[in-house]
Amino acid sequence: MSDVVAARIGVIADTSLQRHVLQQALTANGYTVVLNSDPARLEEADLAAVDADLWLVDLAQTEDSPLVNALLERDACPVLFGEGHAPERHSEHYPRWERRMFGKLKRLVGDPSKVVGPRLEVLKADAERSTRLELPGAYSNPGSVDGEPAREVWLLAASLGGPEAVKAFLDALPLGLPVGFVYAQHIEASFESALSQAVGRHSQWSVNPARANDSIRCGEVVVAPISQEMGFDKDGSMLLHGRGWPEPYSPSIDQMMLNLAQQFGNRCGVIAFSGMGSDGNAAAAYVLRQGAKVWTQRADSCVCSSMPDSLREGGYSSVSGDPRELAQALVNHFLQRASTPVAALQTE
């Protein structure tokens, strides 16, 4: 398995708040910060001692700066200037700022999420499987709903560490629940088929590619395509739009959440598993307004907790747990559904 090394970023900013937000954002998105300093504390010799793949410079005044001139003259690596004042992490403006900056970084120095694909080989070779949870008595006839169009559809959203977490969730989840899933995973397109094989290996759930003009069915997990945006028609059938996802993520979890909630409303939910960055944070408020749920993987069970942390810190997540606990929470959700009068469900 080839190793993917995180790009090394040097940060020069003249306010402590900007340096703090940039440090948090860069590390949460998988980059290594090799220097983060006030220009007033730096000499040209300090720059020469740092081995960076890119310099991120945010100064109130860059004109006639000896430090900036030294960077431009001595270093062959890119220098990215003035991405603007970083909004607070939970500001409504933060997701747009983050998308813009990390779209540029990925084009200039690469995408840290490329490590996800090579890790699949380890996952495919893993013989371990968890004990499956018991199907509630209300759904005691396994297979009775499987294959029917799913009235309720949940999104499984993930980035770094996601395949391991989603596999553990599906391994634990019993078949026979009246639900289908969309699985949106940040990964290179070349690993799309391997993702289905690795995640579905020990599960009862069928993990399938998206199918244009067909419904998501109970008992299946549809992998959101990497190369084109997936949406839904008025009848709930899948639409493949032919256009790419909004940058910088493929697939875009934010966009997938919006598309799902617009069609299914309170008959959908989102579970954010291990991952980098804050993809999904911008759409979470809209999802909740539609009456849907947002759940998150607990930080101590994540390979990288930035994505679920962002949703928790924003106040969007109502349930957190490790993958097995999240599977149990979903079983309990449908057990409660089964005991709720039909009329009450119809008015939700």
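Okay, let's start with helix α8, residues 253-264: α8 lies across β5, β6 and β11, and runs at about 175 degrees to β5. Helices here are DSSP runs of H or I with at least four residues, strands are E runs of at least two, and both are numbered from the N terminus. Angles run from 0 to 180 degrees between N-to-C directions, with axes as lines fitted to C-alpha atoms, for helices over the stretch in contact.

Quick caveats: this is a predicted model, where local features need pLDDT of at least 70, side-chain atom pairs count only at pLDDT 80 or more, and totals for chains, interfaces and linings use all residues. Residues are numbered from 1 along each chain as its sequence is written, and side-chain values use heavy atoms, leaving out hydrogens and water.

So, what's the strand order in the sheet of 7? It's open and parallel, going β7-β8-β6-β5-β11-β12-β13; strands pair if DSSP finds at least two bridges between them. Strand to strand, the twist averages 25 degrees. Helix α6 (162-172) packs on this sheet too, touching β5, β6, β8, β11 and β12, where contact means heavy atoms within 4.5 Å. α6 makes about 170 degrees with β6.

Next, the open sheet of 4 strands: β2-β1-β3-β4, parallel pairing. Its edges are β2 (32-37) and β4 (79-81). β1 (8-13) pairs with β2 over 5 bridges, and I9 sits opposite V33 in β2. Helix α4 (94-109) packs on that sheet, at about 150 degrees to β3.
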